[in-house]
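Subject: Structure handover

Hello,

Here is the structure I said I would pass on. Please open it first and then read the notes below it.

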Amino acid sequence: MSGDVMWLLKLACLAAVCGLTVCVTGGMLYPRESPSRERKELDGLWAFRADFSPDRSAGFNQAWFKQPLAETGPVIDMAVPSSFNDITQDAELRDFIGWVWYEKEVWVPVRWLQDKDTRIVLRVGSAHYYSVVWVNGVKVVEHEGGHLPFEADIDGVIRKDVGMPCRITIAVNNTLDLHTLPPGTIKYMNDRTKYPTGYFIQGYNFDFFNYAGIHRSVLLYTTPRAYIDDITVDTNFSDSTGFVFYNVSVVGSAKPAVKVALSGKDGRCVATADGPSGVLKVPEVNLWWPYLMHANAGYLYSMEVQLTAESGQIDVYVMPVGIRTVEVTSSKFLINKKPFYFHGVNKHEDADIRGKGFDWPLIVKDFNLMKWMGANSFRTSHYPYAEEILQMADRHGIVVIDECPGVGIKDIHSFGNESLAHHLVVMEELVRRDKNHPSVVMWSVANEPAAEMPPAAFYFKQLVAHTKSLDRTRPVTFITDSNYARDLGAPYVDVICVNSYFSWYHDPGHLEVIPIQLNTQFDNWYGKYQKPIIQSEYGADAVPGLHNDPPTMFTEEYQKQVLQNYHKVFDQKRKEFVVGELIWNFADFMTSQGITRVVGNKKGMFTRQRQPKSAAFLLRERYWTIANGTGVLPTWAKYPCH
């Protein structure tokens with residue numbers, strides 16, 4: 001990439017070595033409709049053009065944002081939300097690295113424009129990885145990083161052109177360098193006997209396809225000029241009384257009057273309070289319990305916050321609230337003061353055609369499959385998932401380990417101050433977005449970083465400390481591999497999450513070594529750190545329909561035997577200090593092309609099309625047996641028919 005283009009991949013708010021700060025300001029409440037708020041979704045077909053110029057800079061040099069995109073050159077239809085990679089038959093677009101351009105013309109409701117007391121906001125749910133947004137040719141926002149939302153107040157732009165459609169242009173760049181999250185490298189191939197002029201390769205150290213585009217909804221929403229900017233909720237309970245500690249941030253009113261009311265599922269108000277901060281006391285509280293841990297799992301109250309400004313403007317925001325506690329001891333993970341055992345899955349936002357694009361039918365299907373399996377939890381490997389997925393987890397009582405995009409941090413240059421500053425920003429954006437979800441019980445700041453490198457100790461000490469300062473109600477972890485001796489980041493986390501693939505990446509084909517090596521792994525980690533351990537990844541590839549007896553690698557039989565050997569050790573160690581097991585992976589997913597992958601990673605319990613392999617039934621029997629062992633399930637749950 002040229003210098004003119006690459007500057008847009010640099011974080012604008014870098015800090016000094018001893019004074020790293022973040023630049024996140026304002027709230028990021030999910031855009032809900034209410035008596036004072038409206039929303040208009042802009043999903044559907046957008047005009048799309050990839051910048052195939054040698055340095056990917058033609059769009060900026062020629063100012064494509066100043067005119068309709070179709071006037072700059074040929075455009076195609078592109079679905080939003082979706083990844084652009086698998087939409088066409090063009091291999092060059094599938095593997096494209098650089099700037100792509102989206103455009104859509106929309107009509108803003110006249111009543112929004114006529115009401116001078118209405119604030120109009122443009123919100124992008126997620127775009128990978130660097131985005132620049134223009135409205136009617138005027139730049140309104142830039143954002144670095146995928147997976148998390150960003151927005152801009154566009155009042156000042158669209159009110160200048162009342163009676164005209166609003167033209168929204170979004171340029172998105174999926175280039176990864178050593179300071180992005182996830183990090184990557186660009187390598188130019190200069191041997192003209194082998195490669196054409198300008199040929200380069202995007203490298204990265206993560207095992208999933210680098211899907212790109214606008215992956216979640218784009219929408220317009222309104223608030224009054226004086227509005228509720230942010231809400232933070234913390235919960236607790238004592239005996240039968242629940243406590244909801246709240247703090248409301250207001251913009252546009254110096255002396256706001258704030259009223260808060262909490263209602264149960266039946267609509268009956270159970271507690272009220274006045275003021276921008278305070279506590280709601282809930283008698284005979286219904287706690288938020290995980291799926292299969294209680295007959296009334298996933299109970300959510302409804303909290304209504306009403307702001308009245310000095311001008312008389314009223315803003316109303318309503319959000320679900322689950323009352324529960326999370327604690328960690330040296331050997332237990334406690335939810336509502338009772339031991340909780342994670343029996344769940346790792347996932348990916350990944351499916352045919354749409355790539356990482358948000359898709360409601362797929363989400364509903366995945367939750368049905370998780371509940372069918374008896375899974376009570378999942379980890380958002382290896383990046384934050386859509387807000388709607390966490391809302392589903394809240395409602396269904398599915399526990400979530402919420403992970404940032406810190407995957408593939410392997411180069412020493414990715415542990416420097418520029419990378420750390422960006423990583424701190426990402427964690428603040430993640431916590432700001434997800435802090436009120438009862439399903440989220442732990443933050444994960446990275447996956448399998450090269451934590452043995454000398455800079456890693458300082459890096460993760462700062463990162464974990466900052467995350468805890470943002471949210472002191474949840475433990476923090478990062479995901480490590482099985483080599484405890486070289487890890488320099490583990491002392492700072494609250495829970496040890498370990499990935500290991502014995503008899504797959506290590507001693508391939510030798511199932512007999514799993515019990516020995518897994519026991520050694522657990523004993524070494526616990527002996528050194530005295531912290532609860534989650535087996536955060538384990539598994540083996542299985543090509544669906546491939547069978548062999550005796551089992552051989554890549555067959556369904558081999559995948560089952562790997563799992564069974566792990567499970568024997570889990571059953572011993574969960575009586576001591578192992579507090580969870582998360583299979584890798586819920587479903588097969590796409591990866592970059594390579595000799596170790598046959599059209600993607602095949603470690604799923606389900607195919608990419610969500611059809612079960614043999615191991616899915618094995619895991620289902622195990623998870624329901626573990627759940628039944630707690631003795632708290634209602635009769636219908638002990639004998640599931642769904």
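The side chain of N174 reaches the backbone nitrogen of G98 at 2.9 Å. A polar atom of that N174 side chain also lies 3.0 Å from the backbone oxygen of F96. Please keep in mind that this is a predicted model, so treat these distances as values computed from it.

Where does N174 sit in the chain? N174 is in the loop between β10 (166–173) and β11 (184–188). Is N174 buried or exposed? N174 counts as buried because its relative accessibility is 1%, and the cut-off for buried is under 20%. Leaving aside neighbours within four places in sequence, N174 is in contact with F84, F96, I97, G98, H128, Y129, Q202, N210 and A212.

The UniProt entry, which is unreviewed, annotates residues 40–224 as "domain: Glycosyl hydrolases family 2 sugar binding". In the model, residues 40–224 are 9% helix and 41% strand.

Next, a helix. Helix α8 runs over residues 417–434, which makes 18 residues. From its first C-alpha to its last, α8 reaches 26 Å, close to the 26 Å expected at 1.5 Å a residue. Helix α8 is mostly covered, with 16 of its 18 residues buried.

Now the nonpolar cores. In soluble globular proteins, nonpolar side chains tend to be buried together. The largest nonpolar core here has 92 residues. Which of its members touch the most others? They are F367, M373, F378, F460, M605 and F606. Helix α12 (residues 614–628) gives the most to this core, with 8 residues. Another core lies apart from it and has 49 residues, including V282, L307, M319 and V579.

Last, the cysteines. How many disulfides does the structure hold? The number is 0. C497 is in no disulfide, and the nearest cysteine sulfur, that of C404, is 13 Å away. A disulfide needs the two sulfur atoms within 2.5 Å. C497 counts as buried because its relative accessible area is 0%. C269, with a relative accessible area of 40%, is partly exposed.

Regards

Conventions
Residues are numbered from 1 along each chain as its sequence is written. This is a predicted model: local features need pLDDT of at least 70, side-chain atom pairs count only at pLDDT 80 or more; totals for chains, interfaces and linings use all residues. Side-chain values use heavy atoms; hydrogens and water are left out. UniProt positions are given in the numbering used here, feature names are shortened, and annotations may be inferred rather than shown by experiment. Helices (H or I, at least four residues) and strands (E, at least two) are DSSP runs, numbered from the N terminus. The expected span of a helix is 1.5 Å times one less than its number of residues. Buried means under 20% relative accessible area, exposed over 50%, partly exposed in between (1.4 Å probe, protein chains only). A nonpolar core is a set of buried Ala, Val, Leu, Ile, Met, Phe, Trp, Tyr and Cys residues joined through side-chain atoms within 4.5 Å. A polar contact is a pair of N or O atoms within 3.5 Å; within protein, one must be able to donate a hydrogen and the other to accept it, and residues adjacent in sequence count only if both atoms are side-chain atoms. Contact means heavy atoms within 4.5 Å.
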